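This briefing covers selected features of the structure shown below, grouped by topic.

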Amino acid sequence: MAVSATYFDGQSAKSHEVHVSEDGQQLTFSGADVAQVSWTIAGLHAIDPPSPGQPYRLTHEGAPGARLIIRDQDFITQLTARSRHLHGGYTRKDITQLLGWTLGGIAVFVLLGWIAVSVLPAPIARAMPQSWRQSTGIEMEKAMAGGKVACSTTAGDRAIGQLLANLAEGVPDMPPVSVHVYDLGMLNAFAVNGGHIIVTKQLLDAADRPEELAGVLAHEIGHVAHLHPEAQMVRLAGVQILSSTFSGTNGGNMSSNAIFIATVLRHSRAAEEEADAYARDMLVKSQIDPMGFKTFFEKLLKLEGGSSSQFSALKALGSIFSTHPGTEERIAKIKPLPEGVVAKPALTPEEWQALKKICG
């Protein structure tokens, strides 16, 4: 059975009247100004689902842009009855392609996320000019201080300098750092870009001897030596860009943010372990009793309720343990000075008292 139809060749807007027939394998048509064309049934695509009384539009995978419009309802019914893929909607092939694109998109998303949080941060941090690290570090310190002025006395500032000098005695390649004490109402210490280290008055008050503070500072210097603050800044920027790109929002949705935050926390934990290792090595090389570092952790563990679980640590956001490895695990890794090595005082009693009074 041959029926009339309208054909557009996809090359121009001109329509051509043709006669169409089908043999179960092919759809063949020709007209006064159209040479015979054969389209395989398997390669046909319905532009719209067939609808009673409506023209039926077909195209073919071998003729992109071409259209064949059939109006004979009996022909349409017979054609679509034998070929379910011409009912319109999603075919198995369409679903397979869609699934492939979806899985491919997810794979690209995961790959870009992995590159953003695992591969790029450290090289970019190392490539940052020192002047840029310094300027961003100064701004970060100001932001964290919240407008407060660093505590300072002549004797206290001198004691900080002496403590850093004692730490550097066994580590000549210690990176340059600046340490400032602020009364921020929380017990914490953190390093930011450019070697800027903030110690809170509350942490200083909690330390009973200079070796405890020396351990904390050695840990923060470890972060500076490994450029952890700079790498973390790059990591967070990458997370923000990816989260916004894939969620179509300014800050990402809850699920995408949760995935990225979990990834960032994992890297934060790795950075803490690296800084701990640096601190343990520095204390041994400078002959400052590492047991001060240990007793300070034990003290903070009691303040946080005695649990070292990550859940407890996350609940204690704002404390020194946030995103840190399990405290008991960290404590267990701190060992005394090797046998035969005599510990040197981190500060004299007079220097320590001067530092303790730096905030008045």
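Leu 58 has Leu 68 in strand 7 as its bridge partner. This pairing belongs to a predicted model, in which strand 6 (residues 56–60) and strand 7 (residues 63–70) run antiparallel and are joined by 4 bridges.

- Seen as a whole, the open sheet has 7 strands in the order 4-3-2-1-7-6-5, with antiparallel pairing.
- From one strand to the next, the twist averages 30 degrees.
- Helix 1 (residues 73–82) lies across strand 1 (3–8), strand 2 (15–22), strand 3 (26–31), strand 6 and strand 7.
- Relative to strand 2, helix 1 runs at about 55 degrees.

- Strand 10 (residues 196–200) is largely enclosed by the rest of the structure, because 5 of its 5 residues are buried.
- Burial extends to both faces of strand 10: His 196, Ile 198 and Thr 200 are on one side, and Ile 197 and Val 199 on the other.
- Strand 8 (residues 178–182) pairs with strand 10 in the parallel sense over 5 bridges, whereas strand 9 (residues 189–192) runs antiparallel to strand 10 and is joined to it by 4 bridges.
- His 196 takes part in both pairings, as the bridge partner of Ser 178 and of Val 192.
- A hairpin is formed by strand 9 and strand 10, with 3 residues between them.
- In the turn of this hairpin, Gly 194 has a positive phi of about 75 degrees.

**His 219 and Asp 276**

- His 219, which lies in helix 7 (residues 210–225), is buried, with a relative accessible area of 3%.
- Which side chains make polar contacts with the side chain of His 219? One is that of Glu 272, at 2.8 Å, and another is that of Asp 276, also at 2.8 Å.
- Asp 276 additionally forms a salt bridge with Arg 330, with the closest N and O atoms 2.5 Å apart.

**Other salt bridges**

- The whole structure contains 15 salt bridges.
- One of them joins Glu 212 to Lys 299, whose closest N and O atoms are 2.9 Å apart.
- This pair also connects distant parts of the chain: Glu 212 is in helix 7 and Lys 299 in helix 10 (residues 291–303), 87 residues apart.
- Glu 212 counts as buried, at 4% relative accessibility.
- Within helix 9, Asp 281 and Lys 285 are 4 residues apart, and therefore separated by about one helical turn.
- Their salt bridge brings the closest N and O atoms of Asp 281 and Lys 285 to 3.0 Å.
- Asp 281 is partly exposed, with a relative accessible area of 39%, and Lys 285 is partly exposed at 46%.
- A network of salt bridges links Arg 269, Glu 273, Glu 329 and Lys 333.

Terms used. Residues are numbered from 1 along each chain as its sequence is written. This is a predicted model: local features need pLDDT of at least 70, side-chain atom pairs count only at pLDDT 80 or more; totals for chains, interfaces and linings use all residues. Side-chain values use heavy atoms; hydrogens and water are left out. Buried means under 20% relative accessible area, exposed over 50%, partly exposed in between (1.4 Å probe, protein chains only). Helices (H or I, at least four residues) and strands (E, at least two) are DSSP runs, numbered from the N terminus. Two strands pair if DSSP finds at least two bridges between them. A polar contact is a pair of N or O atoms within 3.5 Å; within protein, one must be able to donate a hydrogen and the other to accept it, and residues adjacent in sequence count only if both atoms are side-chain atoms. Axes are lines fitted to C-alpha atoms, for helices over the stretch in contact, and angles run from 0 to 180 degrees between N-to-C directions. Contact means heavy atoms within 4.5 Å. A salt bridge is a side-chain nitrogen of Lys or Arg within 4 Å of a carboxyl oxygen of Asp or Glu.
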